[in-house]
Amino acid sequence: MNLKEAVFDFVEENAEITAQYFFDLAIAQSEYELAQENLVNIDSILTIGKEKFKILSIEEADLLTLQLDFMNAQNTIKTTNMELQRAMFALATNLNRHRDTHIKAIVPEPPKSLNINEVDALRYARLNNPDIMEGKQQVLTFQQVVEKTKIESRYSIGLFSTIGYNQIGNTLS
């Protein structure tokens, strides 16, 4: 692997990690907002339940269930807030920012309609897929090695001879 490929791999890996931290933050944010909305709704239901209990429209067990739901919603707020803080801290640390940095993930709306032509998708995949690009690079490298070997073998000259000498004859054999 050469330096250019190593740098590319490092940047790609870091981008993937940062994207994962971003989406973790976006999910934590959504869960926290949902928990807040749920708490507001359960608080309204609990208020209505208390009024109904005063006029004996619901029983005490139902009111206690509503109060339990409210306490569970409060606990959920605390839990999702801690998860949101953890996700913010992880992303801030990854981006080399101060740990108390407040980050709000802004997630764009999904596209209304996405039509992808199969032929174009395959063409772009072949052009941009790092595995395919690496395979092409390996093929070119192997072709260079084969060509180099062919050229070197053409000009390789071998010389082999043996000389023997014994004390019996007057000539070299």
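Phenylalanine 10 counts as exposed, because its relative accessibility is 58% and the cut-off for exposed is over 50%. Bear in mind that this is a predicted model. Phenylalanine 10 sits in helix α1, which covers residues 3-54. Together, Leu3, Val7, Phe10 and Val11 make a nonpolar patch of about 440 Å².

Now turn to the inside. In soluble globular proteins, nonpolar side chains tend to be buried together. Where does that show here? The largest nonpolar core has 13 residues. Within this core, Leu25, Leu84, Met88 and Ile103 have the most contacts. Helices α1 and α2 (60-94) each supply at least two of the core's residues. The largest share comes from α2, with six residues.

Take a look at one core member, leucine 84. Which residues does leucine 84 touch, leaving aside those up to four places away in sequence? They are Leu25, Ala28, Gln29 and Tyr32. Leu25 is also on the list of residues with the most contacts inside the core.

Finally, move to the loop between α2 and α3 (118-128), where histidine 98 lies. Is histidine 98 buried or exposed? It counts as exposed, because its relative accessibility is 54%. One of its polar atoms lies 3.1 Å from the backbone nitrogen of aspartate 100.

Notes:
Residues are numbered from 1 along each chain as its sequence is written. This is a predicted model: local features need pLDDT of at least 70, side-chain atom pairs count only at pLDDT 80 or more; totals for chains, interfaces and linings use all residues. Side-chain values use heavy atoms; hydrogens and water are left out. Patches are made of residues with over 30% relative accessible area and no salt bridge: like charges are joined within 9 Å, nonpolar side chains (Val, Leu, Ile, Met, Phe, Trp, Tyr) within 5 Å. Accessible areas come from the Shrake-Rupley method with a 1.4 Å probe; for residues, only the protein chains shown count as cover. A salt bridge is a side-chain nitrogen of Lys or Arg within 4 Å of a carboxyl oxygen of Asp or Glu. Helices (H or I, at least four residues) and strands (E, at least two) are DSSP runs, numbered from the N terminus. Buried means under 20% relative accessible area, exposed over 50%, partly exposed in between (1.4 Å probe, protein chains only). A nonpolar core is a set of buried Ala, Val, Leu, Ile, Met, Phe, Trp, Tyr and Cys residues joined through side-chain atoms within 4.5 Å. Contact means heavy atoms within 4.5 Å. A polar contact is a pair of N or O atoms within 3.5 Å; within protein, one must be able to donate a hydrogen and the other to accept it, and residues adjacent in sequence count only if both atoms are side-chain atoms.
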